[in-house]
Amino acid sequence: MSTASQIIRDYALQQVGGPYIYGATAQKCTPSYRRARQAQYPKYANIIARMCPVLSGQSSSCSICNYNGMLAHDCAQLTRWAAAAAGLKLPSGSKSQWTAVKWLKTGTIDTLPGSQVAFLYRVTASGVSHTGIYTGDGFVVDARG
């Protein structure tokens, strides 16, 4: 496996179980960070609050939170930061990543080389709604709400 593939895989695997926050950019998950994303994306404010013990009123601190101290991502930021860990630059959104990058190879999941790390994109008639990372060993890491 190439160094770039190993770095991508290692970054992705370190994020497994991490919090999904719409618009999150690999920052530590805190109530204040969540509040800032709520202000930035008011349409998703309730969803962002629901998964936070402090913002949902379940606790006065982060001590009971499963995400305490973890980095928060949305799907496109997970792939973007994994690429950055390997020295690659991807744009911000999943649609932008899919359309702006000249990919070496494209195709459907069933045509993936079994041991190669790959970025996956859900492409539908209405756009590119999701992205994740195929780890090259039969598993996918993605950030989803």
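Of its 24 lining residues, Pro-19, Tyr-20, Ala-143, Arg-144 and Gly-145 come closest to the centre. The model is predicted. In the largest pocket, the space amounts to about 980 Å³.

**Second largest pocket: lining**

- Helix H3 (45-50), strand S2 (71-73) and strand S5 each supply at least two lining residues.
- The lining divides by class into 15 nonpolar, five polar and four charged residues.

**Largest pocket: lining**

- A set of 35 residues lines the largest pocket.
- Nearest its centre lie Trp-103, Lys-105, Val-117, Ala-118 and Phe-119.
- At least two lining residues come from each of helix H1 (3-14), strand S3, strand S4 and strand S5 (140-142).
- S3 gives the most, with six residues.
- By class, 19 of the lining residues are nonpolar, 11 are polar and five are charged.

**Strand S5 in both linings**

- S5 supplies at least two residues to the lining of the largest pocket, and at least two to that of the second largest pocket.

- S3 covers residues 118-124 and S4 covers residues 127-134.
- The two strands pair in the antiparallel sense, over seven bridges.
- Two residues lie between S3 and S4 in this hairpin.
- Val-123 has Val-128, in S4, as its bridge partner.

Definitions and conventions: Residues numbered from 1 in each chain as written. Predicted model: local features only at pLDDT ≥ 70, side-chain atom pairs only at ≥ 80, totals over all residues. Heavy atoms only, no water. Pairing = 2+ DSSP bridges. Helix = DSSP H or I, 4+ residues; strand = E, 2+ residues; numbered from the N terminus. 1 Å grid on protein atoms, 1.4 Å probe; cavity = no way out; pocket = protein on both sides within 12 Å on 5 of 7 lines; lining within 4 Å. Points joined across faces, edges and corners; volume = space filled by probe spheres on them. Nonpolar A, V, L, I, M, F, W, Y, C, P; charged D, E, K, R; others polar.
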